[in-house]
Amino acid sequence: DLLHIEGVGPKKVKLFYDQLQITTLDELKAAAQAGKLRQLSGMGAKSEAKILAGIETLARLQTDRTPLGEAWPIAQAILAELADLPGVTQHAVGGSLRRMRETIGDIDLLVAAADAAPVMDHFVQMPQVESVVGHGPTKSRVVLQNGMGVDLRVLPATHWGTLLSYFTGSKAHNVRLRELAQKQGLSLNEYAFTYPDGREIICATEEEVYQTLGLPYIPPALREDRGEIEAAQQGTLPFLIQAGDIVADLHMHTTWSDGRLSVLEMAQAARAQGLQYIAITDHSVSLGIANGLSVERLWQQAAEVRAANEALGPDFRIFHGTEMEIRADGALDYPDDVLAQLDFVIAALHVSLRQPREQVTARVLAAVNNPHVDMLAHPTGRLLPDRLGADLDMDQILLAAARTGTIVEINANPRRLDLQDSYVRRALELGVPLAINTDAHHSDEFALRHYGIATAQRGWATAARVVNAWSLDRFRQHIHHN
């Protein structure tokens with residue numbers, strides 16, 4: 001347990017045990033609060049304060065919510081098995097998982113079938129089920145062997161629209177829908193709209209639910225009561241970016257740093273997926289743990305990128321770039337004369353994320369204001385669920401990016417999902433250009449793109465505002481102009 005505290009390794013755990021017989025987080029916290037840690041060899045008041053801060057951070061991180069990237073594949077696997085059962089005509093995930101929140105509570109699964117009993121029986125007997133909490137005619141709940149709770153609801157296909165809408169949520173969005181129904185003299189639940197005399201309006205699709213309320217269809221990613229009802233009423237809902245809009249990926253790694261495929265292999269895989277251009281952005285020199293590139297190796301890689309471009313021909317373009325470290329002292333990892341020769345420059349935080357807000361914000365601002373930096377990657381550096389990001393003044397950073405034209409990344413890796421959806425919305429308000437990238441270290445990780453697209457959708461992003469949905473010529477014009 002002690003090893004989960006940032007900055008505490010095996011040697012310190014041994015020191016705490018040998019000197020103070022500390023074996024639990026509570027004992028360590030009490031010792032730190034009593035000033036006992038600073039008296040140990042190699043420790044001091046600063047170290048003690050850092051450990052206390054680390055314990056507090058750990059407490060904030062330890063929740064019963066599951067990262068989206070863990071829950072999604074589990075839900076899809078169960079749902080695929082249920083979808084193959086006789087009589088199942090519709091199936092979907094529900095709840096915060098369908099809305100693609102970055103973390104979820106339990107998994108909600110929804111199925112339409114004329115006869116619910118066989119579906120329920122199969123569900124509770126699946127091999128990944130550890131225990132059955134409830135097994136009813138239209139709802140069952142199980143706990144999986146990994147500890148996750150899963151709820152399944154089954155209704156006839158005739159009621160699918162209201163079922164899906166009701167159990168997608170959010171709670172606040174549903175409250176607004178029920179209020180609109182009440183204004184028409186109706187009540188609304190998962191089964192139907194109901195008049196006071198008992199007559200019902202049955203909705204087989206979600207579109208019918210919203211039509212009954214006088215609204216256009218509202219995509220699940222927007223259903224958080226953040227103005228989507230008003231936008232629907234005014235006819236100003238955004239046409240959200242879709243997977244088919246993406247024509248490029250501007251952040252990926254190869255065997256030159258910590259990736260697992262060559263430049264050509266990554267490019268061939270990207271082209272096979274229908275992409276039109278990519279940027280190769282291996283780590284810079286100071287990130288030694290990721291085999292970062294010296295300037296000499298960077299120019300050697302440039303030759304390989306040129307060769308790959310020649311091999312692939314004129315219909316696909318590889319940009320030679322870097323994911324350059326913003327150092328702890330605020331300096332950038334390569335000098336400006338090196339950056340000026342690269343096609344595409346990313347700046348990113350990986351180290352000293354716990355610096356004070358003003359200091360770490362200043363580091364990022366220095367990068368955003370550098371005329372050679374084209375994009376800021378995964379701005380806070382967070383890793384879900386166990387590493388908080390840097391305490392950045394994001395509004396100040398987004399204002400700077402709007403002024404300089406610096407692209408801000410929505411990192412699609414489900415451990416990052418950084419920029420967060422709320423800041424995506426703010427970036428759009430300010431006119432900041434965005435990019436949705438996979439940060440892939442293998443071509444298999446291009447499949448993570450849908451998580452980034454969902455985060456962009458939750459922030460109300462359209463294709464027009466995402467640079468890697470732009471044509472090659474328009475993208476080139478942007479990075480050359482800025």
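Just after helix 12, G313 takes a positive phi of about 85°; helices here are DSSP runs of H or I with at least four residues, strands are E runs of at least two, and both are numbered from the N terminus. The model is predicted, so that local features need pLDDT of at least 70 and side-chain atom pairs count only at pLDDT 80 or more, while totals for chains, interfaces and linings use all residues. Residues are numbered from 1 along each chain as its sequence is written, and side-chain values use heavy atoms, with hydrogens and water left out.

Helix 12 covers residues 295-312, and its end C-alpha atoms are 26 Å apart, in agreement with the 26 Å that its 18 residues should span at 1.5 Å a residue (the expected span being 1.5 Å times one less than the number of residues). The buried residues of the helix are L298, Q301, A302, V305, A308, N309 and L312, where buried means under 20% relative accessible area, exposed over 50%, and partly exposed in between, with a 1.4 Å probe and protein chains only. Seen down the helix axis, these buried residues fall within an arc of 130°, so they line one face of helix 12; the arc is that of the directions from the axis to the C-beta atoms. On the other side of helix 12, E296, R306, E310 and A311 are exposed.

The buried residues of helix 12 pack against helix 11 (263-272), strand 12 (277-280), strand 13 (317-325) and helix 13 (336-339). N309, buried with a relative accessible area of 18%, is in contact (heavy atoms within 4.5 Å) with F316, R317 and I318, leaving aside its neighbours within four places in sequence.

Strand 4 runs antiparallel to strand 2 (residues 88-93), to which five bridges join it, and V93 stands opposite L109. With strand 7 (residues 149-155), strand 4 pairs in the parallel sense over six bridges, and here A112 stands opposite L155. Two strands count as paired if DSSP finds at least two bridges between them.

An open sheet of three strands has the order 8-9-10, with antiparallel pairing. Strand 8 (187-188) and strand 10 (200-201) stand at the edges, each with a single partner strand, so one side of each is left without a neighbour in the sheet. Strand 8 pairs with strand 9 (residues 193-194) over two bridges, and the bridge partner of L188 in strand 9 is F193.
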